[in-house]
Amino acid sequence: MSDTRIARRTDRGVVAVGGEEAASFLNGVITSTVKTLEAGEARLGALLTPQGKVLFDFLITPGPDGYLIEIDRAKTADFAKRLGLYRLRAKVTIADVSADVAVFLAFGGAAPEIAGATAFVDPRVAALGTHLLVPTAIADAIAANASPSDWHALRIAAGVPESGLDFALGDVFPHDVDMDDLAGVDFKKGCFVGQEVVSRMKHRGTARRRTILAHAREARPAWPDVGTEITCGDKVLGTLGSSHEGTALALVRLDRAKEALDSGDAIEAGGVTVTLELPAFATFDWPKETAE
C-alpha cells in the first residue's frame, strides 16, 4: 500500500501567462528566472514593489502554453491585474484560470500520475512533495486522504514560510522570508521590479531579519496567534508565524535573537517559552556582532 498522502488546497489558485513573449516578460518583472525552466520543474518567485517589498509570492512552472503560476487564490485577480500593468505592448496573455485548475499536494510517497495534470516537485524543499495542477473536470475523481494541515506540518518543520500564514504581503523583503535561500531570487539575471533594493541588501549584507524555527520547551504548547511578539525580557526579537505541535516559524532580527540565546534568559512568545534554530536549508548564519 502506498504511503502517499494527497490533499486538495482550495485556497490556492492558478494564473496562466502565455504568448510568444511570456518568458521574457516574466523574466523582466519577477524575482526568479523562468527562461531555463524545463517541463516538470518549478521555482519559487515573487512580484515586488519598486521598493523591494514582496507583493505576491508564488510557484511558477511551464504549462501547455507558457507558464502556470500557483498562488493564493484570494490574490489571483489582483496578481493578474498587477502583471497587466507591466505588460505594455508585450505579446503575452494573462488569465486567472483558477476555475479550471484545482491544486493538489502529494507527499510522503510517490505522486500519482494523472492524465492532463501539470506536476512538479516543490522547488523550496523536496520533502514538501509534489504539486499537481489538475483540470477541475476530473478533480472530484481524485481521492484525497489528507488535509492541507497535514502538509503544513511538513512545511513548518522544514522552516518554509508562506504569505498570509507567516508574513503579510507588502511588509517584508525577500530576504526576510528566506526567498534567497529557497532559490526564489536570481541575482544574476538582470533587472526585475525591486531588483536594485534587493541586490543591494545581498551585496552589502544588510539583511537583518530572517524567518527561522522556534521550538517550544513545553510538551504541549498553547501557541498564541500569528503576529505575537517574541521577546527576551523587555526586548522584542520578532514575531511568531504559523505553528504545529512543538514547532513554529518566527520572523526575527537575527542579531537580537543571537544575543538573547547567548544570554541564557528566557525567550517567550505569548507565554510559551521557546528556543530558536536556523532552518536546515539556511546559508545565512547567526551574526558574530551583537545587537545595537
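Helices here are DSSP runs of H or I, at least four residues long, numbered from the N terminus. The model shown in these views is predicted.

**View 1. Helix 4 and the glycine that follows.** Gly 159 comes after helix 4. Its phi is positive, near 85°. Within helix 4 (148-158), the buried residues are Trp 151, His 152, Ala 153, Arg 155, Ile 156 and Ala 158. Their cover includes four strands: strand 7 (101-107), strand 10 (209-216), strand 12 (235-244) and strand 13 (247-253).

**View 2. Helix 5, one face in and another out.** Helix 5 spans 195-204. Val 198, Ser 199 and Met 201 are buried in this helix. Seen down the helix axis, these buried residues fall within an arc of 155°, so they line one face of helix 5. Glu 196, His 203 and Arg 204 sit on the other side and are exposed. The buried residues pack against strand 3 (43-48). Just past the end of helix 5 comes Gly 205, with a positive phi of about 65°.

**View 3. Two loop residues with positive phi.** Leu 88 and Asp 178 are not glycines, yet each has a positive phi. For Leu 88 the angle is near 50°. Leu 88 lies in the loop that joins helix 2 (76-87) to strand 6 (93-96). Asp 178 has a phi near 60°. Its loop runs between helix 4 and helix 5. Which of the two is buried, and which is exposed? Exposed means over 50% relative accessible area, and buried means under 20%. Leu 88 has 76% relative accessibility, so Leu 88 counts as exposed. Asp 178 has a relative accessible area of 0%, so Asp 178 is buried.

**View 4. The largest nonpolar core.** This core holds 34 residues. Val 14, Val 54, Val 125, Leu 133, Val 160 and Met 179 touch the most other members. Strand 2 (12-18), strand 3, strand 4 (54-63), strand 7 and helix 4 each give two or more residues to this core. Strand 7 gives the most, with 4 residues.

View 5. Leaving aside residues up to four places away in sequence, Val 54 touches Ala 46, Leu 47 and Leu 48, among others. Its contacts also include Phe 167, Leu 169, Gly 170, Val 172, Phe 173, Pro 174 and Met 179.

Key
Residues are numbered from 1 along each chain as its sequence is written. This is a predicted model: local features need pLDDT of at least 70, side-chain atom pairs count only at pLDDT 80 or more; totals for chains, interfaces and linings use all residues. Side-chain values use heavy atoms; hydrogens and water are left out. Buried means under 20% relative accessible area, exposed over 50%, partly exposed in between (1.4 Å probe, protein chains only). Contact means heavy atoms within 4.5 Å. The arc is that of the directions from the helix axis to the C-beta atoms. A nonpolar core is a set of buried Ala, Val, Leu, Ile, Met, Phe, Trp, Tyr and Cys residues joined through side-chain atoms within 4.5 Å.
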